[in-house]
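Hi everyone, thanks for making time.

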Amino acid sequence: MTDIKADHVLDAKGLACPMPIVKTRKEIENIEGGKVLLVEATDQGSKADLKAWAERSGHQYLGTVEEDDVLRHYVRKASEGETEEDVSFDQKVNNDELKQKLDSDQVTVLDVRESAEYAFGHIPNAISIPFGELEDRVSELNQDDEIYVVCRTGNRSDMAAKLLSEKGFENVYNVVPGMSEWDGDVNSQ
Amino acid sequence: MSVKTMNVQEIAKRVVNNEDLFVLDVRNEDAFQDWKVEGENFNYLNVPYFDLIEGIEPIQDQVPTDRDVAVVCAKGGSSEFVAEQLVEAGFDNVYSVEGGMKAWSEHLEPVKVADLKDGGELYQFVRLGKGCLSYMVISDGEAATIDAVRMADVFINFAEEKGAKITHAFDTHLHADHISGGREIAEKTGATYWLPPKDATELQFDYKPLEDGEDVHIGSSKISVQALYSPGHTIGSTSFIVDDQYLMSGDILFVDSIGRPDLAGLADDWVGDLRETLYKRYKELSDELIVLPAHYMTNDELNEDGSVGKKLGELYQDNHGLNVEDEQEFRRMVTENLPPQPNAYQEIRETNMGKISPETEKKREMEIGPNRCAVK
């Protein structure tokens, strides 16, 4: 769990409450929507507070890893439009349909969320390629596979499915809504 | 900008005297609902500090200007942060509580319960933040603690101020809701640490087995501390009769409720013992004994002087838990619909056994939250 990727790091070690949250709030303003901020803190209370603060302010609290008395909190900045129902790719399935597919067939699940989101909980055996890297890494996927693309709410996966379709993938499906309401098996790493 | 502060002694005074206070608690909502500063005439507003980072506008109209406002958080940092903003906005009646809930949880208010024979004294240490009660018997330069809580130095220093040396540290049972200070007191003062042997089977350090009928004398005036085996909360639970007048009942009998037997997951096995202790063993004792328990649940149980205690005879009249005739009903009452287990109770037990030795900071965290070991 030590190598979870973050786009920005905020060092709040040694700072007592309220400073870790005050600094996080300030730092997140300088970050692009959808990017992941790692907050390193030593104040034990920062975990519950950061989680509650993120929920209130619309950001996505991903999780916390504790190591050698340092709490490493991962937060993903809210991004515009992600919560809207704006999925236009026509091949789509819902969570339950994907669950049935997983039980029966040999299918590929492609998780296009940020790697930190993936690290704190993903469908077992899902391949992780964040949407921002998909164009460059498309060769890692097999065009003949039946691919189910998943993200948190169905939005990034919609864009990813379109991109794959343009690249000639035919058996591509967007999973809606995705991980935000996934109640099947989950692995974390 | 300087912010006025209020210490936990001041808050304790207001609790005991039923004085007025407006408490602005800026911790998380979960933390507040779980546990807060309780006072008869206190009013509350809970808004987490992280909702006030942008400014105090959301609460500006809800904070009174005509009474003292105590801003409290977990450790004192965030309350200062919020209090500062209130002061800037023109409030001059706002105080930040020094050390926050951490300090509140650790504050012990010593109350003299009685003068004993030949100049002896009996003190009760009221831990207002958690509802724990500890005791010290002082006689002729010697002192004994009963159910001393984690803050060992408070007891050691108190005895020193009274010109006494602690020679015995008793625990009525292996505690699961708070960390005992008995072992540390013994280590620092050379006192003997006593624990009932049936609760000590997994103990990792030296102790003296506290057997039924043991009679320890404190000081040359020989104030007697008599052990009375009274199982039910734990299998070893033992009470003390001090100076033939005071019954330290541990977690077996409280002023307004009775102990519960399930902390070690053995509710069904211990119900019979609890029934026997409360309905037989205690009943054979004098009605005139003053019951001094190891906990209280609400501030209603505080006497006017801030102490907690009541005559055994009165408890047999008024305490519901002592007046359940039907055995099956009693069994149901103490095994069903129990309140949630105390926070970290398993770790607390292991600490009290000496199996784990957490750092002070970790110990503080383990004790966070209210006490939950009685049934109504």
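Let's begin where the chains meet: 13 residues of chain B and 13 residues of chain A make up the contact. On the chain B side, the largest share comes from helix H4, residues 77–88, which puts in three residues. If you sort that chain B side by class, you get seven nonpolar, three polar and three charged residues. Keep in mind that what you're looking at is a predicted model.

Okay, over to chain A. What is the strand order in its sheet of four strands? Reading across, you go S1-S2-S4-S3; the sheet is open and the pairing is mixed. Now look at the edges of that sheet. Strand S1 (8–12) and strand S3 (60–67) of chain A each have a single partner strand, so one side of each has no neighbour in the sheet. Neighbouring strands here are turned against each other by 20° on average, if you ignore direction.

Inside the sheet, have a look at strand S2 (residues 36–41) and strand S4 (residues 70–76) of chain A: they run antiparallel and are joined by six bridges. If you want one pair to find on the screen, take Val39(A), whose bridge partner in S4(A) is His73(A).

Next, the helices on this sheet. Helix H1 of chain A, residues 19–28, packs on it and touches S1 and S2 of chain A. The direction of H1(A) makes about 155° with that of S1(A). Helix H2 of chain A, residues 46–57, packs on the sheet too, touching S2, S3 and S4 of chain A. The direction of H2(A) makes about 5° with that of S4(A).

And how do those two helices sit against each other? The axes of H1(A) and H2(A) come within 10 Å, crossing at roughly 35°, and the crossing is right-handed. Which residues meet there? From H1(A) we have Pro20(A), Ile21(A) and Thr24(A), and they meet Ser46(A), Asp49(A), Leu50(A) and Trp53(A) of H2(A). By class, that contact has four nonpolar, two polar and one charged residues.

Last stop: domains. The domain assignment of chain B gives domain 1 as 4–103 and domain 2 as 108–367. Taken over C-alpha atoms, the centres of domain 1 and domain 2 of chain B are separated by 32 Å. Where they touch, domain 1 of chain B brings seven residues and domain 2 of chain B brings six residues. On the domain 1 side, helix H1 of chain B, residues 8–16, gives the most, with three residues. Sorted by class, that domain 1 side has three nonpolar, one polar and three charged residues.

Conventions:
Residues are numbered from 1 along each chain as its sequence is written. Chains are lettered from A and ligands numbered from 1 in the order in which they are written. This is a predicted model: local features need pLDDT of at least 70, side-chain atom pairs count only at pLDDT 80 or more; totals for chains, interfaces and linings use all residues. Two residues are in contact if their C-beta atoms, placed from the backbone, lie within 7 Å. Ala, Val, Leu, Ile, Met, Phe, Trp, Tyr, Cys and Pro count as nonpolar, Asp, Glu, Lys and Arg as charged, and the others, Gly among them, as polar. Two strands pair if DSSP finds at least two bridges between them. Axes are lines fitted to C-alpha atoms, for helices over the stretch in contact, and angles run from 0 to 180 degrees between N-to-C directions. A crossing is left-handed if the near helix is turned anticlockwise from the far one by less than a right angle, and right-handed if clockwise. Domain bounds come from an automatic or database domain assignment.
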